Amino acid sequence: MFASAEMTTSSFPILTMLVLVPLLGAVLVSLLNKKHGEWVKLAALVSSIATGAMSVWMLVKFPTGAAGFEFVSKHSWISEWGISWHLGVDGISLFMVVLTGVLFPLVIVGIDPHHDHKSYLAWMLLLEAGVMGSFLSLDLFLFFVFFEIVLVPMYFLIGGWGYEKRVYAATKFFLYTMAGSAFMLVGIVATAFLARRDIGVLTFDLVEIAEKANFATGTGRWLFAAFMIAFAVKVPLFPLHTWLPDAHTQAPTGGSVILAGVLLKMGTYGMLRFGVYLFPQAAIWAKPVLLTLAVIGILYGAIAATMQKDLKRLVAYSSVAHLGFIVLGTFAMTTQAITGGVMQMVNHGVSTGALFLLVGMIYERRHTRQIAELGGIQAVAPIFAGFFMIVMLSSIGLPGLNGFVGEFLVLIGSFETARWWVVVATIGVILAALYLLWAYQRVFHGEPSDDNKSFPEITLREGLLLSVFVAAIVFTGVYPKPMLDRIEPSVKALIEHVEASK
Amino acid sequence: MMNRLIAATSTFEGPAIQWFKISPILALLGGALFLILVGSLTPQWKRGWYATASVITAITAAVLTGVLWNQMGDDKSSTLVGGALAFDHFALFATFTICVAVALVSLVTNDYLTREGEDGPEIYGLMLTAAIGGVVMVSANDLLVLFLGLETLSLSFYLLTASSRSRTQSGEAGLKYFILGGFASAFFLYGVALLFGASGTTNLQSMAKVFAGEVAVPSNNGLLLAGIALLLVGFAFKVSLVPFHVWTPDVYQGAPTPITALMGSVGKVAAFAALIRVFMIALPSRIDDWRPAILVLALLTLVVGSVLAVIQTDVKRMLAYSSISHAGFILVGLEAASHIGHADAYLGNSSAMGYLFIYSVLVIGTFAVVSVVAGQGDNATTLDAFKGLGKKRPVLALGMTVLLLAQAGVPLTSGFVAKFGIIRAAVSVESYALAVAAMLAAVIAAFLYLRIMVSMWLSDPADDAPVVVSKSIGLAITLAVATTLVIGILPNLLLEISQAISF
């Protein structure tokens, strides 16, 4: 189903533009003079909104029901090494690209970094180019380039605009991810060299390798493991998750939203695109281990979240739990479960992104994230509390909101192939309700203390920003069909690819 | 008696010399002599003229090398001057790298000498002499010629290291380097002697034939193995492989910063190219004996270099240890090349040479920035001196960031191309464990580059000391950064060339 015969080539290289426009925006922003603050902001705004608009246009043009890669653009890049600039989008990456395209302008418009706007915006745009590239690459080398390049802007964003322990957190983030990538790089090169025996020429092309190469059982497992280490760090999968709470807590609000919204998904997306697709047999073999780690992550993340005193850290640990569900869905390997997982990637991006936004707003107002120092906010800022409530309920997975659809599909889809893991994972759903509702109760209910009495109500700008998130949450929750229709065919094709390899 | 002697000398025929093919050496020699002569015969010239002469010399030599490369085409390699020097793509590529490095370092040195108020021709003369030594080393086809080159290079380095009269550390470093370097040369020479004893020749090709058993000479196994070991020790010292690295941080720190850049580039290229040539050409029949040693040295160098780099507080020492770690990476390339008989083993040599070129440019650029920050007296090289550089000189700090990220091996920089090449070579001969170890060492080393970046960008300036960037050093840094990015984004430019590298 992934065969190249089905590929359509568009005359306008939209995918290339999705990478290049933010990149050029970053260059432009860094070239502009700092004194002209408005010009800097305008340049950043225009390039990010243009990228967002293009991603939405791509979504509209994306043929429903197509399983293969669309809008493919392919040019030779490093011919000596058989590496090409090969971009394409299918149902699995489609919504991640759109999420990236939409989230960045929102963050750029909606969140004020407080100092040194120019560098902040330049790094943000570079980050966007890197993330876009990661989700669009169909060449192993190219993917690695984007996957790694993302570290640099994120490192500087956390380190430059974060909170007290920002340097520690940024360094930890950089080194953890880079250590994971070290294995993947060796894995990528080995994959290409071993695949050469079947293909005849050295190529790093994902589709070509996946369709033509036959790895020996043992070899495939080693290669799969090399990729998985990198992705497991990125997701993060228990027990490689320890960088995440630090990075999330110390990152500036914009950084946290992007980190939760799209960066972590590079891990789960990579598992599907490069793990399962390239090494289906090894993926089946490793299923029990990965499912177990995913379930441990769900429970551990939930329990750790319950214990947190810092609201942002709580949300960070809830991410560990949520990402566990996505991994569970991925390795349950049924159409429903993977579709749910892909959907959950988007849902988590929207709802946790919004949660970090809200926590950021609380910090702006109160200069604390300690749950104990907050309280009674609902009485003084009811609209703010209302937004928080909706977003939180979506994160819990309340029916009618987006979180439910994804989680439900994952659990239903996994029940047949991974029954006992699902049984345990369901406890995580209950725990999610526990820690989030408890946090809500402590922060918003009760009598406001003196410090919290002057908690300002939501501003228009903040309200508009959050409305976009809430609209996405409600729309997806009530009417998920358009999304599912676009995700499912590609997932089906992937499952068939896995079945065929058995 | 006398008559017989005269008769003997008159019938002596020197080897045929193809002058044009050794023109890069001649150009460098001419430049060196010119600078030293002019320096002693004329009154002091205006600032910068000596540097200009040095740059022109180096570029002329580089251009001549390029012409020779083109002329050579696909011809098979040959030897020059009666088998003393090899003439092949490998030697030409290394020669080119050395010339480029000398040109860049001359630009850096100009700034340094102007700042320190001592603009003289000797430094440039010595740098060109070092380059001659380096070029002889990379093309030496005979162990004795190699030794001559090695000594020319080393003696110039000793002097250059001690050349700063105002800083006592410089003299101290020079003395340390001289004594330890003398030891290493002795080891090396002893190794040469033993190998001569084992084979009856010092010519690399003849030696290979003897050891391969093609020529019926009673070759002595004990002498041979001891010779290989001693030779390796000598080389290991010169390229600073663990555990023969202890001189490196002290000398790198003590030497004037531009000279450190020269050692990190020209010194590394020359010694590594010679190491690869000797082991691959003279000793391929003994690969099973020396490959394990290379493997162990590579692992030790990678790990110890990276780990010790991280805990330093002086940037020059940090970069010294990082250069050790990089040496480990290059050794991984040699390990890959040593799988003779494997279809992809040739990737080892070309990736190691590509790495050396890329690293040379990087290290010169990095030390150029260090030299700028070190300021008057060349002393402010602690991590604290870099604090707030991003606020004081954002463009300079950005350039340094690019160079550091490249050293860490981040994609879209030349450093990634270099690392990828090595990993590719290692993986293609199925040295997976070594490849993973190298990458993990690179991650440890990345922490060090991050520390410098944190100082530059995320700390406030410790003082208001102005950071002065002169034109010449600015040009050197710009060229280094531009090369880093261009090779990083369009690696084909370098790959097509390095693909052709062979003996």
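This is a predicted model: local features need pLDDT of at least 70, side-chain atom pairs count only at pLDDT 80 or more; totals for chains, interfaces and linings use all residues.
Now turn to chain A as a whole. Its secondary structure is made up of 22 helices and two strands. With a radius of gyration of 22 Å, close to the 23 Å that the globule rule gives for 502 residues, chain A is as compact as a globular protein of that length. Along the principal axes, the C-alpha atoms of chain A fill a box of roughly 75 × 60 × 40 Å.

How much of chain A is buried? Of its 502 residues, 62% count as buried. The contacts tell us about the fold too: among those in chain A with a separation of 6 or more, 80% link residues 24 or more positions apart.

How confident is the predictor about chain A? The average pLDDT is 88, and 98% of the residues score at least 70. Residues 1-10 of chain A are another matter, as pLDDT stays under 50 there. For this stretch the model has 20 contacts beyond four places in sequence.

Next, look at where the two chains meet. Chain A brings 24 residues to the contact and chain B brings 26 residues. On the chain A side, helix 5 (140-149), helix 6 (151-161) and helix 7 (166-199) each supply at least two residues. Helix 7 of chain A gives the most, with 13 residues. Sorted by class, the side of chain A that touches chain B has 18 nonpolar, four polar and two charged residues.

You will find A:W222 in helix 9 of chain A, which runs over residues 217-234. Is A:W222 buried or partly exposed? A:W222 is partly exposed, because 17 other C-beta atoms lie within 10 Å, while a buried residue needs 20 or more. To place A:W222 against another part of the chain, find A:K74: the two are 148 residues apart in sequence and 29 Å apart in space, C-alpha to C-alpha.

How values were computed. Residues are numbered from 1 along each chain as its sequence is written. Chains are lettered from A and ligands numbered from 1 in the order in which they are written. Helices (H or I, at least four residues) and strands (E, at least two) are DSSP runs, numbered from the N terminus. The radius of gyration is taken over C-alpha atoms; the globule rule is 2.2 Å times the number of residues to the power 0.38. A residue is buried if 20 or more other C-beta atoms lie within 10 Å of its own, exposed if 12 or fewer, and partly exposed in between; C-beta atoms are placed from the backbone. Two residues are in contact if their C-beta atoms, placed from the backbone, lie within 7 Å. pLDDT is the predictor's confidence in each residue, from 0 to 100. Ala, Val, Leu, Ile, Met, Phe, Trp, Tyr, Cys and Pro count as nonpolar, Asp, Glu, Lys and Arg as charged, and the others, Gly among them, as polar.
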